[in-house]
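Thanks for coming. I have one structure to go through today, and I will keep it short.

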Amino acid sequence: MTWLTDNFLGQHLLSMLIIVPILGAIVIYARSSWDAVFVRRFAMGVSLVTLIITVLALMAYLHQSDAIQNGGYTLLEQANWIGSADASIHIQYKLAVDGISMPLILLAAGLTPLAIWGSFTSIQTRQREYYALMLLLHGAMLGVFAARDLLLFYVFFEFTLIPLYFLIGIWGGPQRQKAANMFFIYTLAGSLLTFAGVLYLGWKASWIAPTAGAASNLAAGALTFDLDVLYNLAPHLCSGEQIGLFIAFFAGFAIKVPLFPFHTWLPLAHVEAPTAGSVILAAVLLKLGTYGFLRLSLPMLPQASIELAPYVATLAVIGIIYGALAAWIQTDVKKLVAYSSVSHLGFCLLGMFCLKAAGLTGSLLYMINHGLSTGALFLIVGMIYERYHTRELAEIGGLAKKMPILAFFLIFFTMSSIGLPGLNGFVSEFLVLLGTFTSDDPKPDGAGPLGVWYAVFAASGILLGAIYMLHMARGVLFGPLKEPGHGADTSAGLTQDLTRREVGILVPLALACVAIGVYPKMLTNMMQPALDHAVLAKVLPHDWSGDRNVDATTIQNQTNQNPTSRKRQRPVDGERTVQTRKQATATQTTLNHIVGAR
Amino acid sequence: MELKTLAILIPLLPLAGSALVGAIGLRGLKDRSHWLVLAGVTAALFCAVSLFYQVNTELNRGGSETAAAIGAHAQIDPSQQVGYGKLAESFTIYEWIPAGAADWLNVTFRVDPLTIVMLLTVLSVSTMVVMYSVGYMRDHHGHAELGYERFFAFLGLFVFSMCMLVLAGNFLLLYLGWELVGLCSYLLIGFYYQKPSAAAAAKKAFLVNRIGDFGFGLGILLIYLTFNTLDYQEVFNMVANSKMAGDLALSTERITTIALLLFCGAMGKSAQLPLHVWLPDAMEGPTPVSALIHAATMVTAGVYMVARCSVIFAASPIAMWIVGAIGAATALFAATIALTQFDMKRILAYSTLSQLGYMFLGLGVGAFDSAMFHLYTHAFFKACLFLGAGSVMHAMAGEIDIRRFSGLRKAMPITYFTFLISGLALAGVPLLSAFWSKDEIIHAALASSTPWLGWIGLVTAFLTAFYTFRMIFMAFHNEERLPRGVEHAHESGVWMSAPLVLLAIGAVFAGYVGVTTGHGGFLGMFEPHGAFHHFLAPNFSDAKGHEMTVAAAQGVAHGAGEHGSESHWLMWLSSGLAFYGIFNAWYFYTRRPGIPLAIALASGSVYKLFYHKYYVDELYDLVFVRPLRRLGDMCYACDRFVINGILWIIAAIPRAIGFLLRGWQQGAMQGYALGMVVGLVVIMWWVLANA
């Protein structure tokens with residue numbers, strides 16, 4: 001593997017990953033003389049080159065066997081970005097990947113070429129700008145997942161808004177401007193609060209001398225956003241600060257996810273966005289929110305995370321059921337799929353906040369799986385829309401007769417989405433439920449803050465998911481043939497059933513679904529050590545030390561006075577670990593009552 | 001071949017056939033699509049037979065070793081057999097899902113007697129049905145129906161899924177098979193997808209099953225929480241010792257909860273009350289599918305699962321009572337509905353419900369082996385009945401209402417005779433297969449602590465004989481009458497009649513593996529509990545704590561000694577009931593056709609209740625579907641009005657501020673001048689005041 005990592009380009013694979021699509025975007029935008037066909041092919045080529053670089057990065061990553069086993073990051077690139085002469089500001093350009101970000105980078109890099117390929121016929125106006133924006137979005141997404149500096153993360157995070165704003169606003173449906181504005185302002189408003197949290201953390205890092213040896217070249221008192229420094233900040237934050245910061249991060253990420261009740265921008269944005277925009281939005285951009293929780297909120301604010309986990313999980317469970325029920329009554333297929341995202345992302349957050357290895361793995365895997373199956377569903381809906389110019393269940397029906405290949409794929413991805421065992425959705429859904437169900441069980445890796453009842457209510461989402469997805473499949477595919485008067489529009493070179501290009505788009509996704517469903521080990525082997533190292537060990541360390549201990553004991557005392565606490569003490573090694581986790585169980589008990597009453 | 005290789009080959013062969021047909025069926029195979037699937041399923045059947053011999057050898061060797069160790073005539077606890085102990089250990093194919101640090105939920109197979117019984121039943125019926133389908137899925141000119149290759153691809157996929165379900169060595173893989181057979185059922189019920197009723201039935205089947213799976217899934221999670229493993233043998237060992245993970249004591253409440261949650265799944269899959277609603281509607285699928293999936297194999301998965309978890313169920317008397325009670329209730333309930341239906345396939349569907357009820361009744365009183373025995377005999381005669389109904393349907397151009405035709409016995413002799421034989425078996429006529437198995441269940445129920453379950457079983461036996469022969473007399477006897485549009489009835493081709501004959505032979509003789517001879521007994525010859533039970537005995541020997549199980553186990557050990565002469569009154573009674581039911585049907589439907597109508601009119605509302613299937617569908621619609629739908633409407637309305645309203649209000653704050661401030665930026669010179677003057681005045685006043 002030395003041939004790969006021993007040269008200049010090999011050492012800057014991650015930078016190339018970000019720069020190549022952005023350069024491609026600039027080139028496309030600058031060459032106004034290129035004709036549309038060439039622009040498409042060029043954009044597709046650039047995204048494929050990016051995919052190749054991603055695969056190379058994956059190979060280089062897999063080569064670092066110690067990084068995989070210990071869950072640390074690798075492919076590190078570090079440079080000063082913003083600094084001052086007296087070293088009081090130390091903001092870095094720092095990129096690296098670990099087992100959490102690598103799968104997400106693979107997802108983004110794998111899906112974007114397909115989304116671009118899927119736009120070949122559906123986008124007929126201003127193609128140059130369109131493909132330039134798609135590539136710009138691509139670069140920004142990859143940047144978010146690769147960043148190891150909080151400010152850099154934030155810059156990429158916010159930057160994704162801009163291309164998508166234009167993608168929705170220019171190439172969207174009839175209400176595109178309203179949708180684009182709502183999407184932009186809503187998510188921006190949330191992430192500005194996040195920005196306040198980011199600044200506070202940086203300031204706090206400068207205020208407390210970075211005792212942690214993670215960044216050795218750091219002068220004392222420097223304003224820094226290096227994640228390795230910030231991860232060690234938790235003991236220095238009192239519980240009030242942690243909760244405040246958690247809420248600040250929550251504002252940005254929960255809207256992005258979107259968590260109930262901050263989800264209303266999503267159906268609108270999805271319905272109005274062009275197909276590729278919907279695909280990227282659902283498959284990757286929503287994951288920025290969950291990734292943010294996983295990467296920032298949980299490990300940096302462990303105490304607040306444990307304390308607030310029952311509340312977040314309750315919202316997640318409500319979202320699962322609420323999203324499913326709302327999806328069921330939709331008449332617009334795309335809106336139905338959009339609401340299903342609300343339901344699915346609830347699972348994602350639930351798995352994260354149960355703080356069990358199984359749940360975290362399930363949650364991260366869920367991000368990938370949701371990207372694959374929902375992305376594919378949006379693509380299929382787009383293919384129907386291109387032919388019939390409608391997505392209303394009242395206007396189309398019985399398409400299986402005329403479009404058997406489409407029917408096959410729609411059923412396939414429906415099954416993937418409702419968690420049929422053997423396909424990808426099941427593995428992650430089961431792990432999330434398993435983690436949540438066993439969350440308060442101290443075996444084998446410590447007790448988390450949730451409990452059985454969260455899983456019971458969430459599991460109803462499996463049933464509800466089947467209800468709305470089969471409702472859709474039945475409406476679109478089965479029954480007597482029903483199509484708008486004009487029949488299928490084949491003017492853009494389409495055929496009645498899927499063309500080879502369209503089949504070519506869906507087949508890789510289907511293969512990935514089967515592969516993950518049958519043999520998820522190849523991904524989970526990458527994820528699990530990283531999640532253990534970068535999240536679980538930081539939230540629920542088995543060895544408590546420093547100021548946390550004092551806080552924890554205080555809270556423990558308060559908890560013990562709470563008469564509603566009905567948790568049994570269980571024998572566990574590391575008595576203090578159990579005590580600290582008890583703080584959450586009181587809130588959880590109350591919450592169980594609330595959830596139970598519902 | 002090695003046991004492990006065979007076990008892997010069994011599911012993979014049908015899958016390979018199915019995948020190939022799916023890939024090249026449309027382009028290359030078309031009318032010949034059946035060959036690949038038929039080859040795959042038949043090969044799997046041969047593998048299963050070979051597996052049976054291996055397991056049998058293993059059991060006997062282990063048994064003789066143990067026996068030799070203890071002494072030739074000592075009583076052997078079957079679970080202590082060396083051979084079985086080895087078989088009960090599941091073997092890992094590969095690591096599947098990580099459940100935490102270094103804890104994997106694996107793809108494991110378990111090949112033991114119970115697996116073998118299921119495999120042989122499933123694969124032999126599957127082979128017959130695939131053969132039959134070759135003839136059935138064509139029109140009278142031999143041209144394949146639309147979707148021919150799709151049909152066979154799904155059928156192969158189903159056989160794969162069912163084998164996975166049966167071979168699974170842990171609960172998670174069981175769940176995989178469980179859901180995959182549900183998918184195949186969905187796809188095949190909806191095979192004629194353009195028919196709205198078929199599309200609706202497919203959806204309903206999947207969703208009702210999912211309701212059961214909701215409980216089943218939670219049960220699996222609870223098993224993991226309790227035992228920290230999902231492997232069958234590890235769980236069963238812990239339950240047998242009343243232990244939880246970490247050596248804690250296992251409470252009865254916990255094990256009852258687990259058993260009942262698992263049973264939810266069985267209720268969905270095996271269509272027991274109150275989740276039975278999907279099965280009659282599932283008859284919208286092609287008839288071979290009804291025979292294979294909705295009569296012989298998939299619907300019995302619930303029975304198989306409870307039998308597989310016999311240790312768990314036997315540990316909870318409450319759960320056992322519920323299983324038995326629901327089984328008995330379903331048996332009676334479905335039989336009463338079957339009395340009033342006119343659609344041949346629906347009658348058979350309700351009959352299937354009723355027979356599945358028997359099986360659960362047997363499980364509930366601890367007669368696990370008898371329930372499995374009934375499952376096995378039922379597969380043959382019920383598949384034969386369904387295929388016979390399909391043959392009639394094929395000849396009648398799709399008409400299946402027994403009011404529209406009659407007297408078919410001359411025109412369709414093979415169909416008639418096979419249907420009659422299987423009907424006799426279903427009715428419980430002596431010396432045919434179901435007689436043995438059904439009687440065992442009723443006998444076990446009468447001997448248990450809940451004998452009233454047995455009496456329900458007997459009443460149902462009478463009803464069964466009556467409705468079966470009501471159908472036979474109406475369809476095949478009396479003068480020949482054909483539905484409009486059918487010129488002449490004709491017998492089906494060899495692809496269809498050969499499986500009918502083979503299954504009818506099975507319906508007659510399949511029961512004899514479950515009886516012993518030479519101990520006096522019925523007709524001075526036969527005695528229940530034969531080789532079949534002996535073969536299965538090690539599987540159920542761990543299910544302690546239930547009086548009947550212990551009795552059954554002893555029965556095996558003593559060569560059925562306790563079924564002495566005092567129990568034969570039951571055999572005479574039940575055969576009497578069967579004949580009485582047949583006689584009634586004959587009298588009502590051939591001699592005095594006015595009587596049924598008179599009864600229907602006289603019983604008025606009761607008849608209507610039966611005819612409308614107790615209005616369960618309507619009730620569900622009213623109680624569950626509509627409220628849930630309303631809730632969905634409310635959620636969506638809440639989105640649009642409440643949440644977006646709040647957002648609008650929040651957004652209105654900056655907008656209002658802007659509106660207020662807008663007055664100052666009106667662009668007129670005087671305004672700005674005034675502002676400057678006021679500002680200057682204020683500043684000067686402030687400066688002067690502070691000076």
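Predicted model: local features only at pLDDT ≥ 70, side-chain atom pairs only at ≥ 80, totals over all residues.

Start with chain A. It contains 24 helices and 3 strands. Of its 598 residues, 61% count as buried. If you take the contacts in chain A with a separation of 6 or more, 79% of them come from residues 24 or more positions apart.

Chain B has 27 helices and 4 strands. Here 56% of the 691 residues are buried. Contacts between residues at least 6 apart in sequence join residues at least 24 apart in 77% of cases in chain B. Along the principal axes, the C-alpha atoms of chain B fill a box of roughly 130 × 70 × 60 Å.

Now the helix pairs. Two packed helices are described by the angle between their axes and the distance between the axes. I will give both for each pair.

The crossing is left-handed. On the α4(A) side the contact residues include A:R40, A:M44, A:L51 and A:Y61, and on the α6(A) side they include A:I105, A:G110, A:P113 and A:W117. By class, the residues of this contact divide into 14 nonpolar, 5 polar and 1 charged.

What is the angle between helix α15 and helix α20 of chain A? About 20°, with the axes 8 Å apart; α15 covers residues 302-328 and α20 covers residues 452-477. That makes α15(A) roughly parallel to α20(A). This crossing is left-handed too. Among the residues that meet are A:A313, A:V317, A:I321 and A:W328 from α15(A), and A:F457, A:G461, A:L464 and A:H471 from α20(A). The contact of α15(A) with α20(A) has 14 nonpolar and 4 polar residues, and no charged residues.

Next, the strands of chain A. The 3 strands form an open sheet in the order β1-β2-β3, with mixed pairing. β1 (74-83) and β3 (223-224) stand at the edges, each with a single partner strand, so one side of each has no neighbour in the sheet. Strand β2, residues 89-97, pairs with β3(A) in the parallel sense, over 2 bridges. In that pairing, A:H90 has A:T224 of β3(A) as its bridge partner.

On to the contact between the chains. How many residues of chain B are in contact with chain A? The number is 41, and they touch 47 residues of chain A. In chain B, β1 (91-98), α6 (171-189), α7 (196-227) and α26 (616-662) each supply at least two residues to that side. The largest share, 13 residues, comes from α7(B). The chain B side divides into 25 nonpolar, 8 polar and 8 charged residues.

One last item in chain B. Is helix α24, residues 594-603, largely in the open or buried? Of its 10 residues the number buried is 0, so α24(B) lies largely in the open. After α24(B) comes B:G604, with a positive phi near 45°.

That is the end of my list.

Definitions and conventions:
Residues numbered from 1 in each chain as written. Chains lettered and ligands numbered in written order. Left-handed = near helix turned anticlockwise from the far one by under 90°. Contact = placed C-beta atoms within 7 Å. Nonpolar A, V, L, I, M, F, W, Y, C, P; charged D, E, K, R; others polar. Buried ≥ 20, exposed ≤ 12 C-beta atoms within 10 Å, placed from the backbone. Axes fitted to C-alpha atoms, helices over the stretch in contact; angles between N-to-C directions. Parallel < 35°, antiparallel > 145°, perpendicular 65-115°, else oblique. Pairing = 2+ DSSP bridges.
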